[in-house]
Amino acid sequence: MTLFDSPDFQEHEGVHAFFDEKTGLKSIIAVHSTARGPAAGGCRMWPYVSAETALTDALRLSRAMSYKNAMADIALGGGKAVIIGDARTGKSPALFEAFGRAVDTLGGKYWTAEDVGVSPGDLASARTQTRYVAGLEGHAAASGDPSPVTAEGVFRGVRLCVERALGRDLTGVRVALQGVGHVGAYLAQKLHAAGAKLIITDVNEQALAQVARATGAQVVGTDAIFDVEADVFAPCALGGAISAQTLPRLKVKVIAGGANNQLADATVGQAVFDRGILYAPDYVINGGGIINVAGEIRALAADTAFDPAWVAGKLDRLAQTLGEVLDHSRADGRPSNLVADEMARARIAAARG
Ligand code: NAD
């Protein structure tokens with residue numbers, strides 16, 4: 001199969017491969033769409049087994065960023081960079097400088113940021129070669145850790161879904177929370193403050209104990225989280241939590257959490273809908289983080305300071321958008337993940353004109 005026949009390539013404006021002889025940098029930057037603004041999405045460093053798997057990852061992730069940015073109603077398109085290599089052993093400032101030069105060749109068509117395997121320090125190296133870098137530290141435009149903003153968006157989304165599905169506020173609502181890392185821990189605090197009862201799990205015992213102490217949460221094993229008596233399941237760990245195997249075990253009425261790619265495959269969304277579970281599409285409910293990054297890009301592009309009020313306004317709008325997705329899903333009798341995809345595509349097409 002050639003690149004042009006690949007279903008993942010569909011609609012991409014450009015795919016750029018870079019090699020730097022001096023540092024050995026091998027990187028792919030996929031630009032899905034610049035219809036709504038410059039493409040933005042993080043850079044992932046991963047020991048891909050082949051260039052093909054790296055390309056597939058870049059293409060899927062860049063399209064996902066287009067959809068996420070469109071639903072977050074920010075003036076950014078979607079793109080993603082991957083660097084082929086082991087983040088534990090293969091990093092150097094020179095490597096990220098070479099990556100920065102690669103980003104710069106696109107002339108602002110693509111803005112990079114953090115993703116798996118890439119730290120603010122790496123981005124600082126890239127930034128010496130190009131201005132198209134977000135996720136900086138110690139800068140007036142810097143947006144800082146996006147996790148609290150992501151968690152606030154997810155918290156509002158959980159509250160909205162509970163109102164819709166259960167007709168009540170969060171007092172006494174039982175939330176099964178999978179993963180108490182950056183986003184999950186902030187979310188746990190907010191849910192606890194709103195009166196929810198938490199059941200939590202994580203592979204990190206220390207993080208688990210800390211959140212349990214702070215919120216009075218009940219702790220269960222990583223597999224047991226799927227079987228607990230709860231009203232809401234909030235995936236905040238890795239992708240693929242909702243699958244043909246785990247879905248039948250869930251007793252909840254709502255699935256709403258911060259993780260990316262919660263549905264293990266395309267068929268699971270329909271199965272969730274058929275079971276009468278209200279699902280907040282992942283890339284809509286977790287858009288707070290990219291809104292925060294967009295605030296930084298906006299400030300960097302205009303050479304101004306980061307504006308938290310702009311971020312707060314977009315976060316309000318995000319909750320409305322989630323409400324619109326759920327409205328359409330109910331009115332049309334169709335899974336919310338498909339409704340969200342359609343809305344995202346329509347927003348991108350409208351910008352394309
Ligand atoms: P994190 O690494 O800080 O937290 C993830 C947590 O999940 C960790 O504590 C980890 O130990 C735990 N975990 C891993 N495997 C597990 C398992 N099998 N069962 C239970 N727990 C497990 O990451 P994060 O920044 O909090 O992000 C969490 C999710 O949210 C990810 O899917 C991420 O892509 C997504 N997300 C994060 C942001 C953000 O602002 N950080 C924004 C959008 C989406």
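**View 1. The lining of the largest cavity in this predicted model.** G153, R156, G157, V284, I285, L315, L318, A319 and L322 line the largest cavity. Its volume is about 50 Å³. The structure holds one cavity of 30 Å³ or more. A cavity is a set of points, on a 1 Å grid over the protein atoms alone, where a 1.4 Å probe fits but cannot get out; lining residues have an atom within 4 Å of a point. Grid points are joined across faces, edges and corners, and a volume is the space filled by probe spheres set on the points. Helices α4 (147-166), α8 (282-285) and α10 (308-332) each supply at least two lining residues. α10 gives the most, with four residues. Helices (H or I, at least four residues) and strands (E, at least two) are DSSP runs, numbered from the N terminus. By class, the cavity lining has six nonpolar residues, two polar and one charged. Ala, Val, Leu, Ile, Met, Phe, Trp, Tyr, Cys and Pro count as nonpolar, Asp, Glu, Lys and Arg as charged, and the others, Gly among them, as polar.

Residues are numbered from 1 along each chain as its sequence is written, and side-chain values use heavy atoms, with hydrogens and water left out. In this predicted model, local features need pLDDT of at least 70 and side-chain atom pairs count only at pLDDT 80 or more, while totals for chains, interfaces and linings use all residues.

**View 2. The second largest pocket.** This pocket holds about 220 Å³ of space. It is lined by 15 residues, and the closest to its centre are F273, I277, L278, S329 and R330. A pocket is an open set of points with protein on both sides within 12 Å along at least five of seven lines. α4, α7 (268-274), β12 (278-279), α10 and α11 (336-352) each supply at least two residues of the lining. Eight lining residues are nonpolar, five polar and two charged.

**View 3. Helix α10 against α11.** The two helices pack at an angle of about 120 degrees, with their axes 9 Å apart. Axes are lines fitted to C-alpha atoms, for helices over the stretch in contact, and angles run from 0 to 180 degrees between N-to-C directions. α10 and α11 are therefore oblique to each other. Angles under 35 degrees count as roughly parallel, over 145 as roughly antiparallel, 65 to 115 as roughly perpendicular and the rest as oblique. The crossing is right-handed: the near helix is turned clockwise from the far one by less than a right angle. From α10, R317, T321, E324, V325, L326, H328 and S329 make the contact; from α11, S336, V339, A340, M343 and R347 do. Contact means heavy atoms within 4.5 Å. The contact residues divide into five nonpolar, four polar and three charged.

**View 4. Helix α9 against α10.** α9 (residues 288-302) packs on α10 at about 145 degrees, with the axes 10 Å apart. The crossing is right-handed. G288, I291, N292, A294, G295 and R298 of α9 meet W310, V311, K314, L315 and L318 of α10. Six of these residues are nonpolar, three polar and two charged.

**View 5. Helix α2 against α3.** α2 (residues 93-105) and α3 (residues 120-127) pack at about 55 degrees, with their axes 7 Å apart. α2 is therefore oblique to α3. Their crossing is right-handed. P93, F96, E97, F99 and G100 in α2 touch D122, S125 and A126 in α3. The contact has four nonpolar, two polar and two charged residues.
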